[in-house]
Amino acid sequence: MTLTERAPATAVRPELKDEHGQKFVLTLSCREQAGIVQAVTTFLFERGFNIEEHQQFDDSLRETLHLRTAFSGSPSYTPAMLEEEFGGIAQRFDMKFSFHDQTQQRVLVMVSKFGHCLNDLIFRWRGGSLGGELVLVVSNHETHRAMAEAAGLPFIHIPVTPDTKADAECRLLELVDEYDVDLVVLARYMQVLSNDLCRSLEGRAINIHHSFLPGFKGAKPYHQAHARGVKLIGATAHYVTADLDEGPIIEQEVIRVDHSYGPSALSTVGQDAEALALSRAVRWHCQHRVLLDETSTVVFR
């Protein structure tokens, strides 16, 4: 497809249920205070919910608490209903909170000419271990059309030039709406997003960077790494922000190397690290395990 063609949305969200009913997740952050966990568990107990997983992190340096609770119960509840009823507790503790149902998060993948991360995401999605549902692949090149379509995914080609960049980004946002996309994944998409687009996708776009940030930015990162004699190759998955490659970090992967690795071998090892870090970040985000904490994150694995 070209920039001007449209594809029909296929937004089907199967509800995740077990023998206990529909499944939900509560995430919250607030200042450390006595009684928070009791208030949360009492709220859920009074509505007949069963807690299936509970994790919390008490940050003694910032004096804050971060919490993730997965629970199940009556399908008559929706996240909006729970948020309304939880409002009094949230106000009492000055909480930043969200309720989510555990439907599959819908994921749009953006890719350029390097296809290893896309291939890995497709493999994990088809195997049921990605944690989200791939619904669309967008690229500024035609290189990976066959890979996407072989997996049954729509592939939309949006070429980008300095003259068409603004139109291309508008088209991307149209596709996000058309396909009811929850998360945009930049799987080695080699275009810098505008500040406006970064703000539009804040908190719902993940990028993979081919190093431990902020080292070895720009072209030929593995040539730079080889020239410096690195002993560790890494990759960083982070949220997209207007500050290039400086968004809150979700996951990093590291692989040990030595002097015998040339730029090509380092690139091969680095691609493995990129795929691992990105797939974990996507899975944890889709499972609502990542809580933003100013410029960093709390990740409940």
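The crossing of helices α1 and α2 is right-handed; a crossing counts as right-handed if the near helix is turned clockwise from the far one by less than a right angle, and as left-handed if anticlockwise. Helices (H or I, at least four residues) and strands (E, at least two) are DSSP runs, numbered from the N terminus. The model is predicted, so local features need pLDDT of at least 70 and side-chain atom pairs count only at pLDDT 80 or more, while totals for chains, interfaces and linings use all residues. Residues are numbered from 1 along each chain as its sequence is written, and side-chain values use heavy atoms, with hydrogens and water left out.

**Helix packing**

- The axes of α1 and helix α2 (residues 79-93) come within 11 Å and cross at roughly 160°; axes are lines fitted to C-alpha atoms, for helices over the stretch in contact, and angles run from 0 to 180 degrees between N-to-C directions.
- That angle makes α1 roughly antiparallel to α2, given that angles under 35 degrees count as roughly parallel, over 145 as roughly antiparallel, 65 to 115 as roughly perpendicular and the rest as oblique.
- On the α1 side the contact (heavy atoms within 4.5 Å) is made by I36, A39, V40 and F43, and on the α2 side by L82, E85, F86, I89, R92 and F93.
- Helix α3 (residues 116-126) packs against helix α8 (residues 263-286) at an angle of about 45°, with the axes 9 Å apart.
- Helix α3 is therefore oblique to α8, and the crossing of α3 and α8 is right-handed.
- From α3, the residues H116, C117, D120, L121 and R124 meet Q271, E274, A275, L276, L278, S279 and V282 of α8.

**Aromatic pairs and cluster**

- A search of the whole structure finds 10 aromatic pairs; rings of Phe, Tyr and Trp (its six-membered ring) pair if their centres lie within 6.5 Å, and planes under 30 degrees apart count as stacked, over 60 as edge-to-face and the rest as tilted.
- One of these pairs is F24 with F71, which is stacked, at 5.6 Å centre to centre and 20° between the planes.
- F24 lies in strand β2 (residues 21-31) and F71 in strand β4 (residues 64-73), so this pair ties together parts that are 47 residues apart in sequence.
- F24 counts as buried because its relative accessibility is 0%, and F71 is likewise buried at 0%; buried means under 20% relative accessible area, exposed over 50%, and partly exposed in between (1.4 Å probe, protein chains only).
- F71 also pairs with F49, in an edge-to-face arrangement at 4.9 Å centre to centre and 75° between the planes.
- F49 lies in the loop between α1 (36-46) and β3 (50-59), and F71 in strand β4, so the pair ties together parts that are 22 residues apart in sequence.
- Both F49 and F71 are buried.
- One aromatic cluster is formed by F24, F43, F49, F71, Y77, F86, F97 and F99.

**A charge over a ring**

- R188 lies over the face of F114, at 4.7 Å from the ring centre; a charge sits over a ring if NZ of Lys or CZ of Arg is within 6 Å of the ring centre and within 35 degrees of the ring normal.

**Strand β6**

- Q105 is in strand β6 (residues 105-111) and counts as buried at 10% relative accessibility.
- Leaving aside neighbours within four places in sequence, Q105 is in contact with G132, E133, D182, C286 and H288.
- L108 is also found in strand β6 and is buried, with a relative accessible area of 0%.
- Leaving aside neighbours within four places in sequence, L108 is in contact with L136, V138, L172, L175, V176, V181, L183, V184 and V185.
- L108 and A168 are 60 residues apart in sequence, and their C-alpha atoms are 15 Å apart in space.

**Loop residues**

- E63 is found in the loop between β3 and β4; phi of E63 is near 55°, a positive value in a residue other than glycine.
- D94 is found in the loop between α2 and β5 (96-101), and phi of D94 is also positive, near 55°.
- D94 is exposed, with a relative accessible area of 62%.
- G35 is in the loop between β2 and α1 and counts as partly exposed at 34% relative accessibility.
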